[in-house]
Amino acid sequence: MGRDIVSLDDLTVNNIGVFKKINSVTLPTSYSEQWYKDSLNTDQIVKLAYYSELPVGAIKAKTINSAHKISTYENMQQQQINAKIVPNAVYVESFAVLEAYRGLGIGERLLKFLEEETKKKFIHEIVFHVHIDNTAAVEWYEKHGFAKSEEVLKDYYKDQGLSNPDAFILSKSI
Amino acid sequence: MVAKKGNPIFANKEDGNFREALKLYDAKQYKKALKLVETNLKKNSNHAESLALKGCINHNIGNKSEAESYVLKAIQKAPANYLVNHLAGIYYRSVENYVEASKWLKAANDNGSPNKPILRDLSLMQTQIRDYKNLKDSRQQYLEFQPGYRANWTGVAIAHHLNKDYAAAVSTLTKIEGIIKEHLTDADRYEQSECVLYKVDIIAKSGDIAKALATLEEDSSEIKDRLSFLEYKARFLMLLDKKHEASLIYRQLLQRNPDNMQYYNLLELSLGTVGNSVDLRLKLYEKLDSFYPRSDPPKFLPLTFTPSSHARFEEKVRSYLVPQLKRGIPATFVNVKPLYKNHKKLKVIEKVVLDFYAAELPKIDNPTVFVWTNYFLAQHYLYLNELDTANKYIDDALKHSPTLVELYTIKARIVKHQGKFEEAADIMNAGRELDLQDRFINSKATKYYFRANKVDEAIDCISLFTKLEDGVINGCKDLHVMQVNWVLVESAEAYKRLYHEYEAKLKEFKESSPLESEESKELENELVENIETYKGLALKRYNAVLKIFKIYYNDQYDFHSYCMRRGTPRDYIDTLEWEDRIHSTPIYTRVLKGMAEIYFEIYNEQQVKQSSESPSIEEGKTTKKQNNKKNKKKSQINKKKADFIARVESEKDDEDPLGAKLLSDLTNDDQIIDKLFQLYKPLIEEGKDLRLTHEVLYKTYLIEGKYVLALQSVKSLNKVLGGSSDVKLRSIGERVVELSETAQNDKNANAAIVKVVGKGLVSAFPEFGELSKEDFLNVYSK
């Protein structure tokens, strides 16, 4: 009936609770209050996805310079790019769709949004970390044009209390 | 108010001055007017007009306490002076004492005031105090003074109507219609339409339905409100037993609005299908459904009249429910809930939904269907009070879609029903945090905090949606200004639970630690202080609602003139009728119920105190308390108290922010039962069908020794509780025994009265005369 059952919407101060909820129930990692607060800043790439008017997915990314090597999850979340440095990549900080709503094209919509935003910034690379045990996610990303790095980043998730703290680095050039 | 020139009453210098002062008063130059009036009074302290004016001026410049004494003095000196009468009327109107105001305005007119607008003001006053008998005269006299306005004619007609003189009302309306017909402009068309419908309505009220119908048809071209036209017409046709014609109109109405359930019922009445076979009715509704496929009633109504044993009932339920579940309609449960009164139907619905859940749901791709079906089942089992099952369904739904706010409201409700109020509030709040701009969930979270006795959290929560002025820490004051009654009642009830909790603690404390150490004394004082604070606050909030209802009642004042001018007599009459029932509305009675409980508690405390404690001990206690306070770090306490007051203040610079004065006035009032009776007085008429009315009145009559009235109340209560059936209720039986024993044991009671009551009880409850007390109570045991 005309309207798409999947739709995207902005994050606002009023629905930030939804963002927190989606991340906390789907992702094994945790984010600080400050991180959520910052996600309302205008320089952030952030979007919520709705299925049948129900919020079910969320993505947040930021620009980075990939020359900086960062070895742990916590540092990665805190890192803010200095205004003087020219960003050359978009780094995905969180990307989640509620389990019951996967396979319905919601992730694709969010990814498409991310790629468009990346292009708008004249950046040609998207990167992120994936927990090494999360094979389903890795498969999904590979299906959508991402490539896994050869090496494994050791102890990336060390302080997040995961049984296996290593991570893959995934990236896609656009 | 302009005094006419050349009036002989202004014969001397004082009168001249007074005239001048009046002009200044009308121009709101109160200071100057006061000066003139005072010069007058210095020369002639008996100058009544000046005294009266001085009263009015004092009221306007803020000396409210002094104002009335001047007015009274003036009235005493010159009770028949129309200027004094008029000023007295003005004064009492401004203090909203409409009984006195109308009395003095009427006196002004009767004593020959040439000022005719007094009559208009008088008629407003008379309507306000429902003095319809005299209203008719003042409206009529004012009409004769200014017949050129339709509003004045409408006013007279309404006055006749309110006096139930329908014929006079109709003839007034007809007369002005005839006069005005030639002169109507487009702008008058709405008023004309309303007045014509009003006229028709009155004719119908007088009982002459045929004439009402004829008039309606005759004036059809004048009526702009076609919906009312059709509704009136259909109603009249039904009353005249022209059912076929009525049914045609109802079909027309259905075309206009196929979602109005009432029209379907009325259509059936006019077609006479109600008593007919279910199959025939089902056919009718299937046809209506094909006409209006997007409307709910033709789908839903068959479920109400089809018995659960009927072969097609289950099929009908399925075809109603399943599409709604598939479309994920949140209100699905609410839609079918009216059917739940019939337990067999409930079971069929349960089966249909469980079947759907097991067989169809797994095949559906859209994940939201799963959520909404679980949501439905959770509500279903909550209704049945099978809380564990309800919990299971809602937990599944929450696990599946933790971002759906509606799920949290049901989860919280289930937990609340388990008696875990704090947990329920936390769940509701978790839902609220998902969508901060959702007022519904915000209000729900607020209410649940109140239920958990967390008043501060509740107020902070609702304060997100109130206006916060500078220097104000929460929305408490704005909630009073905005007349948010439900918050005020909920907070009063929370305070009441809190002080009851502290009372229980105090009792326990006194029983467990008989030692009179300094420390235990301090603890005890703290408990006593908490009890007093929360009791005071409970009274304060309850009284705030009473005040708001008083405002509601007084607010109608403006409509007595406004509605005449706007030409909306029908809605005006509805408003008056609503105002006449305002004290029996749910919020108000809830407040009265809570207040009665507190009043009776205080009364009982007074009785205990009177019989046991001597006042000197009481005094000793308070001084000790004060000493203790001094010993503590006083500033710290004051700071804490000031913070607390800032949070609970109901208006800026509240004189009694904690209701402490309210409470002490009540505890020291030896007429507290009469005070309570005054609160309940309006309910004797407005709330005669309410259980609460008779329960409380019975108790007050019993305490005051008015046994005949108490007998009346027991009888009324029996009627309200039992309805027409002849059940014998325990609560009635106990009251019968109590009344009989109290009356007989009362040494001060008039013997004749006691006899009357005894006889009355026996004639109303025959078993009481025949059986022993125990056997009687065994009979009245339901």
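Buried residues account for 49% of the 782 residues in chain B of this predicted model. The secondary structure of the chain consists of 42 helices and zero strands. Its C-alpha trace spans about 100 × 90 × 70 Å along the principal axes. Of the contacts in chain B with a separation of 6 or more, 62% join residues 24 or more positions apart.

**Nonpolar cores**

- In soluble globular proteins, nonpolar side chains tend to be buried together.
- The largest nonpolar core contains 188 residues, and B:Tyr680 and B:Leu739 have the most contacts inside it.
- Helix α29 of chain B, residues 518–555, contributes the largest share of this core, with 13 residues.
- Not counting residues up to four places away in sequence, B:Leu739 touches B:Tyr698, B:Leu702, B:Tyr707, B:Ala710, B:Leu711, B:Val714, B:Val757 and B:Leu761.
- Another core, of 51 residues, lies apart from the largest one; among its members are B:Tyr132, B:Ile158, B:Leu267 and B:Tyr285.

**Packing of α9(B) against α10(B)**

- Helix α9 of chain B covers residues 150–162 and helix α10 of chain B covers residues 166–180; their axes come within 7 Å and cross at roughly 165°.
- Angles over 145 degrees count as roughly antiparallel, and α9(B) and α10(B) are therefore roughly antiparallel to each other.
- The crossing of the two helices is left-handed.
- On the α9(B) side, the contact is made by B:Arg150, B:Trp153, B:Val156, B:Ala157, B:His160 and B:His161.
- On the α10(B) side, the contact is made by B:Tyr166, B:Ala168, B:Ala169, B:Thr172, B:Leu173, B:Lys175, B:Ile176, B:Glu177, B:Ile179 and B:Ile180.
- By class, the residues of this contact divide into ten nonpolar, three polar and three charged.

- B:Lys199 is found in helix α11 of chain B, which runs over residues 189–205.
- The relative accessible area of B:Lys199 is 4%; buried means under 20%, so B:Lys199 is buried.
- Leaving aside neighbours within four places in sequence, B:Lys199 is in contact with B:Val170, B:Leu173, B:Thr174, B:Glu177, B:Thr215 and B:Asp219.
- B:Leu173 and B:Glu177, which are in contact with B:Lys199, also take part in the contact of α10(B) with α9(B).

Notes. Residues are numbered from 1 along each chain as its sequence is written. Chains are lettered from A and ligands numbered from 1 in the order in which they are written. This is a predicted model: local features need pLDDT of at least 70, side-chain atom pairs count only at pLDDT 80 or more; totals for chains, interfaces and linings use all residues. Side-chain values use heavy atoms; hydrogens and water are left out. Axes are lines fitted to C-alpha atoms, for helices over the stretch in contact, and angles run from 0 to 180 degrees between N-to-C directions. Helices (H or I, at least four residues) and strands (E, at least two) are DSSP runs, numbered from the N terminus. Angles under 35 degrees count as roughly parallel, over 145 as roughly antiparallel, 65 to 115 as roughly perpendicular and the rest as oblique. A crossing is left-handed if the near helix is turned anticlockwise from the far one by less than a right angle, and right-handed if clockwise. Contact means heavy atoms within 4.5 Å. Ala, Val, Leu, Ile, Met, Phe, Trp, Tyr, Cys and Pro count as nonpolar, Asp, Glu, Lys and Arg as charged, and the others, Gly among them, as polar. A nonpolar core is a set of buried Ala, Val, Leu, Ile, Met, Phe, Trp, Tyr and Cys residues joined through side-chain atoms within 4.5 Å. Buried means under 20% relative accessible area, exposed over 50%, partly exposed in between (1.4 Å probe, protein chains only).
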